[in-house]
Amino acid sequence: MGGTKQKERVLRQVNIDTQEVSALSESLNTISSGLMQTEDVVTGMTITSPVMKKVNELPVNIPAAAPTEQEVIDAHDEVGLKLSANSKKHPKRVQRAAEKRTLQRNFVAKRTQVTDQLEQLRQQESDSLSHMDEHDREEHQKAKREKIFKHLKKLDLKKLMFDKSGETGYEKLAKHYKVIKTILLEIPDFEQELANKKGVENPSPEQLQEIEEAEARLKTLYDLRAHFDVYEKLTLNKYYAMLPHEEMEKLSYKELRMRLDKLYKEPVRKQELIDYYQNLIRLKEIGLEDGKSVEAREKEYLSDIRESKKKDDDRDPKEEMDKMAAAYKRMAAYLEKESLFMPEATRTMYMAKLFDTFQLDIDKFRGNIGTAKGDIADMLAKYDEYRTRPKVTADPMHALVKGGLDEKMPNKEDTLEKSDEPADGIVLGEVQKEGVRLIGAWVMRHSLSSTRKYTPFAFNLLQAPPEQQLLVYYLIENEKQDSAMGIDFFTALHNYQPDLSNFKKKFKLDNISRALRASMGIYGQMKAYGALTEAIRESDSRIEQDKDPNAPDPRPMEERRATLVQAISQRGVLLKMLYRNAGMHEDMPPDMAEDPVFRKKLHDEYAKLAVLIRDLDAVNRQINDGANTTPDYNSAQLREDGDELAADESTSVLDVASKTSEIVNNYIVGYGVKTFGSVVDSIGGYASKMTETVGYAHYSGWMGGLTSLLGLAGAIVTATSIGVEKTISVADRTAQALSVSGDFIGVAGDMLSSAGVLTNVFTNGVEASTESLKWLGSASDALWNSTQLGDKLALAGGAVGVIAGTAKFAAEAVHFGRAVSSRHDLKRSSKTLDEKDQDQLTEDEKILQRFLKHENREVTRKEISAGVGMVTGALTMAAGAMAMTGFLAPIAGALGIVSLVVDVGFGKIMNAALRHSNRKKAVDDMLNTDALVEKVKNEHPNKDEIKAKMKDKDLKEKVRTEALAMLGFSSYHECYRHVCTQYATMLYDKVFVNPPAAQKDKDMYLDAMKSLGMKMVLPGPGVQADSYKPTVEAMIAKMMD
Amino acid sequence: MKMDEKKLELLKSLEAEYKEAEDMGEASIFTAKELNAPMDMLRAEIAAFGPDLVSVLGEFFFMPFEETEVIYFTSVITLSNTVPEESADDVAAAVARLNYYIPCGCYALGEDDKNLVFKYTVPIVGEDETEHQTSAVSIAANTAIMTAERYMGYLKLILMNEVTVDEMIEMAKNGK
């Protein structure tokens, strides 16, 4: 079953262990250290930074005064709940806020009381324990653990949510605080006892069952603990008192993330509101609402645990061999049929690929079926022959068509990469590898038997690097092919096991093409991630060696320092890259990420960074004889160095990391920065500021985020790009659509291609301007700028003409549809005419004038009859559908598509073959299929035979299919959609996100967008970025019409 | 030849056409018995349909009327099984407005408001030559598919809550 979902839940634990629990375990430790075992968790910041410890102990300070009406109104206003100035409900709201604030104060008092009581209990127990001898003490503790285990195991967990009491969540917590806390404090003992039970050798089935159940219970208890911990923090927040909580709970994850994004960008942060939203998100992530959901959660855990234990290959050998033999036969027939078009070496590679995907299964099952007969025997004979013959690696068909595409395609699109092995630094688990293979084998088989044959596509897909295939399957299984995010590569790699049966349910030919195209964008990030991971591994191992006191040749301190700086820089780049791909503001705490494994990864890297910074500080002190000087940030120099680095246009993350570390290192040595201690101080700064300004503050577990943690290094890393290799368009569109990033961050990828499109077509008219980057700007700004090739394209002369021209084209298309037009149009048209000097009209214009007058009468008359109106409308609409060329015109212009066709309209014979014929023609223009066909005719090994025997039409179909497969498209429709997507994305960017400076250029894009005829919501005062219209999706829908 | 056999034969010729046609997926005839319905039916997967390039189900059949002088060939295309409850009113309004204009066939919301379909019925002379009837069936089915697809983009904008019904009609009327 869905491995992801299961892992998701399993890994929720991991996350809770590390983050949710960190603060809790801190408090638990203070309550009962000694009584319970300290959990061995990576608490990162909490443990390593003394400042964070201090922050953790900040007292909760609820103001004694009742809130004023203005305060309540302001709080509503801040969260977007608009209240009218003199609402009659105000006094009631204020009263409720005052009551809640009193409750908050009472709760704080109660909390202190309960904590004290529990501490007393702990003290008593600890005292009595100290009087026992070791044996008795152990016995006592053992008995206690067993008792707790039994107690918690029997406990009806759903009752902990106190559903039936009719109280609000807050009242429950206040009322039952002691019960809840006591139970949660017992978890470590429960965990320990479970570990003991698991250690038993040869457990009985009953024992095994008990262990499974206890495991599920423990996980549910963790979730409960996290739930109450977050809830506790939430209820002590200022906004909890001021706002109607039920309303706020309804906000979606997306909405909350969007609000957070805005809050993080404000110059002065409203930390308390941020905390409030973040805790709302955390509650959603934990997802426990009532007793029922607790019960359901435990059941899920239990079934996951059970399922994960039985995972045998229960496939029937004979059946599997039959399936493979059938696929083999189809492949042989297919290759035979294509023998003219496919040279022998290509055919050999197809068959070899099929056998590659079957290999493990054939080897596994062939021994179990007795003597092979019929098709199976044929397949095995061929299989053995292929195993022993030397591998063919050159595919002449591929070379020919790829060469043709490189040469002839007017606007380059990337073709699929090919590799048998994962890229550097990327490791697939055994289960993942096997999952990829099984799905690959199925896709290959399916491609041969499905009604819509797609074997060339499958063949190209299966040659892609394994981790890219993994990503594709991940996207399909999770139905993310149209909503992929950059960070999906991470989840695919670390939190996903391919599951063939689930894949088959989700698979569609269209899906897989889109998933593959999406993966092509994201794959660049994936490779960069691998390269960085590898580099970090090397730096880390170097640092470990340096730490070894017995190492034979200790390196000089300066070199060690350089490596530390390097490791920090690399991590900085990595974290920024991960944050960016997840669409998260970099000061957000890691647990705002959706994927729990990703959360853990972020957290671990932060923890490691904190350690490295401490090490660096120590090394620095040694170099500077223990001096702890305050750094002198020479920002001018830093800016200069950074500009140089940015101007380098380096796109490799490794380059960025190494140059960053070089600059930082030089900076430390050359400009008198002697310590990184200030980094820790800067976090402290946040903390003190918070207490000063907010007063009300409650520890959020997160202060400065990436920026302050990295301090100096962060500033440099900030401005350097993450090397967007190429389109991660889908990902960015999603980020934008989710509004997790209001910046539309990496659309740059797509801009690359759109820009490329225009550059290619109008090279002469375009001036490239390399605007230097904003240095030390906000991270997303800088990222945006550094990757935004679109801006380098100053649309001069020709390009302006093209867009203007296409807008005109669109207008004409509408005009065309005017044969029976609406009055509205007529008025507009005649108005233009009226404005002209009536004596100076040309003959044509006079004719038009007469025509308009006539039309006007016609329209007046027609408006009386419904029937006539209906037909009129119908014809306009039919014409409108023809005028589809209007929307396509801009694309057509940009792509240099000349032979754009008018779709078949009504009144023409409807024929299935004509359906979508315009799409096909447009795609042919884009690929330059005719030129490819010519090339094949001239250079194909079988060219004479092809010319003699194959119809031009058939050859064209084959060449197109081949070329599209190389580009990752399963059909021309998908390719067509891709073009529309590019265009919509470009328009969206140019109108809403990054409008060009000159008004004329702005208008040009605006006009092009208007030509789509959709309602527009433009940026302006009070307009939220997420309400701009039309959206990219809507534009695509319109263009695809 | 009995009329029922004739109808089946006509469906078979359409099936054959669709099995060969590009952009059509699986196509097969379900007998009245299999369907437990009063008529045979051709079901075909219409691929790469509409702006989302999804596969939709096309169902083609003859109305099970006793009449033999005129037979009624119906095409029903299921455009969506999942019209969200909150959009149902808008979609219904949009469908009603569109139906006023579209030249043939109509969009319709199913009984539970979740199914959005397009349907189109044509009368065919029962005693006409088979060749004529075959082409009448083919033209009708393809007209249904292409008409349904033509305005699907507008309906999608409504489903996406991108435009109001009035805006959509305005767009459509202006040939946008």
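This is a predicted model: local features need pLDDT of at least 70, side-chain atom pairs count only at pLDDT 80 or more; totals for chains, interfaces and linings use all residues.
A residue counts as buried when its relative accessible area is under 20%.

Chain B contains six helices and six strands. Of the 176 residues in chain B, 52% are buried. The chain exposes about 7,900 Å², and carbon and sulfur atoms supply 49% of that area. When contacts between residues at least 6 apart in the sequence of chain B are considered, 54% of them join residues at least 24 apart.

The strands of chain B can be taken up next. An open sheet of six strands in chain B has the order 1-2-3-4-6-5, with antiparallel pairing. Its edges are formed by strand 1 (24-30) and strand 5 (106-109) of chain B, each of which pairs on one side only. On average, neighbouring strands of this sheet are turned by 25° against each other, direction ignored. In general, the strands of a sheet pair through backbone hydrogen bonds, in either a parallel or an antiparallel manner.

What are the residues of strand 4 of chain B, and over how many bridges does this strand pair with strand 6 of chain B? Strand 4 comprises residues 70-80 of chain B, strand 6 comprises residues 116-125 of chain B, and the two pair in the antiparallel sense over ten bridges. Within this pairing, Val70(B) stands opposite Val125(B) of strand 6, and Tyr72(B) stands opposite Pro123(B) of strand 6. Strand 4 of chain B also pairs with strand 3 of chain B, again in the antiparallel sense, over six bridges. There, Phe60(B) has Ser75(B) of strand 4 as its bridge partner.

Helices accompany the sheet. Helix 1 (residues 3-20) of chain B lies across strand 1, strand 2 (41-49), strand 3 (54-62) and strand 4 of chain B, and runs at about 165° to strand 1 of chain B. Helix 3 (residues 88-101) of chain B packs on the sheet as well, touching strand 5 and strand 6 of chain B. The direction of helix 3 makes about 160° with that of strand 5 of chain B.

Chain A may now be approached through several of its helix pairs. Helix 8 (residues 177-185) and helix 10 (residues 205-235) of chain A pack at an angle of about 135°, with their axes 10 Å apart. That angle makes helix 8 of chain A oblique to helix 10 of chain A. Helix 8 of chain A passes helix 10 of chain A in a left-handed crossing. Helix 8 of chain A contributes Tyr177(A), Ile180(A), Lys181(A) and Leu184(A) to the contact, while helix 10 of chain A contributes Leu221(A), Leu224(A), Arg225(A), Phe228(A) and Glu232(A).

Helix 10 of chain A also packs against helix 14 (residues 271-286) of chain A, at an angle of about 160° and with the axes 9 Å apart. The two helices are therefore roughly antiparallel to each other, and their crossing is left-handed. Among the residues that meet here are Ala226(A), His227(A) and Val230(A) of helix 10 of chain A and Tyr276(A), Leu280(A) and Leu283(A) of helix 14 of chain A.

A further pair in chain A consists of helix 21 (residues 455-463) and helix 43 (residues 952-966), which pack at an angle of about 25° with their axes 8 Å apart. That makes helix 21 of chain A roughly parallel to helix 43 of chain A, and the crossing between them is right-handed. Pro456(A), Phe457(A) and Asn460(A) in helix 21 of chain A meet Thr961(A), Glu962(A), Ala965(A) and Met966(A) in helix 43 of chain A.

Two individual residues of chain A complete the account. Gly435(A) lies in helix 20 (residues 430-449) of chain A, and this residue counts as buried because its relative accessibility is 7%. Gly435(A) and Tyr496(A) are 61 residues apart in sequence and 10.0 Å apart in space, C-alpha to C-alpha. Lys935(A) belongs to helix 41 (residues 929-939) of chain A. With a relative accessibility of 9%, Lys935(A) also counts as buried. Leaving aside residues up to four places away in sequence, Lys935(A) touches Leu400(A), Gly403(A), Gly404(A), Glu407(A) and His940(A).

Methods. Residues are numbered from 1 along each chain as its sequence is written. Chains are lettered from A and ligands numbered from 1 in the order in which they are written. Side-chain values use heavy atoms; hydrogens and water are left out. Helices (H or I, at least four residues) and strands (E, at least two) are DSSP runs, numbered from the N terminus. Buried means under 20% relative accessible area, exposed over 50%, partly exposed in between (1.4 Å probe, protein chains only). Contact means heavy atoms within 4.5 Å. Two strands pair if DSSP finds at least two bridges between them. Axes are lines fitted to C-alpha atoms, for helices over the stretch in contact, and angles run from 0 to 180 degrees between N-to-C directions. Accessible areas come from the Shrake-Rupley method with a 1.4 Å probe; for residues, only the protein chains shown count as cover. Angles under 35 degrees count as roughly parallel, over 145 as roughly antiparallel, 65 to 115 as roughly perpendicular and the rest as oblique. A crossing is left-handed if the near helix is turned anticlockwise from the far one by less than a right angle, and right-handed if clockwise.
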